[in-house]
Amino acid sequence: MKKPKWVVQKEQDKKAQGRETVWLFGLHAVRDALMNPAREKLRLVVTLNAQNKLAEAIESAGVTPDVVDSRKFAAPLDPGSVHQGAALEVKPLDWGRLEDVCIGPVSPRVVMLDRVTDPHNVGAILRSAEVLGASAVVGTRHHSAPETGALAKTASGALERQPYIRVRNLADAIKALQDMGYLVLGLDGEATQTIEAAIEGKRDRPVALVLGAEGPGLREKTKETVDALVRIDAAGQFGSLNVSNAAALALYASRASG
């Protein structure tokens, strides 16, 4: 019996993910990855100066670096990458199932990204999510920024600690969280109610905040699936905010302590 196309695609995606590797760069991103026991490390390329700065992390990770001349840095990075003499090839992190990660602490908060593809924005959102105590940041596999060196550098270490999950279908993930008791709010500059108004009397509930890409915003399917559309209570228009700034403000506004 012939396998359905969706089964074949799923198997192919899994194999491709198994072969996928990422080059992280920059002293901070490389140090945090080396210190993360959950991160599978494949190859470390450093200059002598960077090796000295990362000595403790290299020893902790138990890896043998390739020490290269700073004028002939051998790692396959984009020419504009500010690597500071350090690059580390790794496997992407596996955070597990959405349902497991998003159980989280009492009144957890989750950020969901609807086609936010800029790695710098996603990296900044991961930093804010870590600082403000979010359980996870959720994107989609095919229309959100994957793990890259640029994302890791912008995240400034948060990528190693803050769960970043990429799901097949955002609407299905929203429904899964709703089934777990989450109040799912979509940020829309034209919404009539603020985040604070939407969660009034509900701060003890888990909350997911869905943000769209700058410009297009949330897709219609996403708007139809969330529990409510909300805006940030601000003097200016929501559309003037960078999506990473909006994520930080939304997390702060929805904090469980009120």
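**Salt bridges and their surroundings**

Begin by selecting Asp 69, which is partly exposed, with a relative accessible area of 34%; here buried means under 20% relative accessible area, exposed means over 50%, and partly exposed lies in between, with a 1.4 Å probe and protein chains only. A salt bridge is a side-chain nitrogen of Lys or Arg within 4 Å of a carboxyl oxygen of Asp or Glu, and the structure holds 11 of them.

Before going further, please note that this is a predicted model, in which local features need pLDDT of at least 70 and side-chain atom pairs count only at pLDDT 80 or more, while totals for chains, interfaces and linings use all residues. Residues are numbered from 1 along each chain as its sequence is written, and side-chain values use heavy atoms, with hydrogens and water left out.

Next, select Glu 130 and Arg 161, whose side chains meet in a salt bridge of 2.5 Å, N to O. Glu 130 belongs to helix α6 (residues 119-131) and Arg 161 to the loop between α7 and β7 (164-167), so the pair ties together parts that are 31 residues apart in sequence. Helices (H or I, at least four residues) and strands (E, at least two) are DSSP runs, numbered from the N terminus. Glu 130 is partly exposed at 30% relative accessible area, and Arg 161 is partly exposed at 42%.

Now move to Glu 147 and Arg 39, which form a salt bridge with the closest N and O atoms 2.9 Å apart. Glu 147 lies in the loop between β6 (136-140) and α7 (149-155), and Arg 39 in the loop between α2 (27-34) and β2 (41-46), so this pair ties together parts that are 108 residues apart in sequence. Are these two residues buried or exposed? Glu 147 is buried, with a relative accessible area of 11%, and Arg 39 is buried as well, at 2%.

**A sheet with a helix on it**

Select strands β1, β4, β2 and β3, which in that order form an open sheet with mixed pairing. The edges are β1 (22-25) and β3 (66-67), each with a single partner strand, so one side of each is left without a neighbour in the sheet. Two strands pair if DSSP finds at least two bridges between them, and β1 pairs with β4 (residues 86-90) in the antiparallel sense over four bridges. To find one of these places, select Leu 24, whose bridge partner in β4 is Leu 88. Then show α2, which packs on the sheet and touches β1, β2 and β4, a contact being heavy atoms within 4.5 Å.

Finally, select α8 (residues 170-179), where Leu 170, Ala 171, Ala 173, Ile 174, Ala 176 and Leu 177 are buried. Asn 169 caps the N-terminal end of α8, with a side-chain oxygen 3.0 Å from the backbone nitrogen of Ala 171, and just after α8 comes Gly 181, with a positive phi of about 100°. Zooming out, the protein has 11 helices and 11 strands, and 48% of its 258 residues count as buried.

Terms used: A polar contact is a pair of N or O atoms within 3.5 Å; within protein, one must be able to donate a hydrogen and the other to accept it, and residues adjacent in sequence count only if both atoms are side-chain atoms. Axes are lines fitted to C-alpha atoms, for helices over the stretch in contact, and angles run from 0 to 180 degrees between N-to-C directions.
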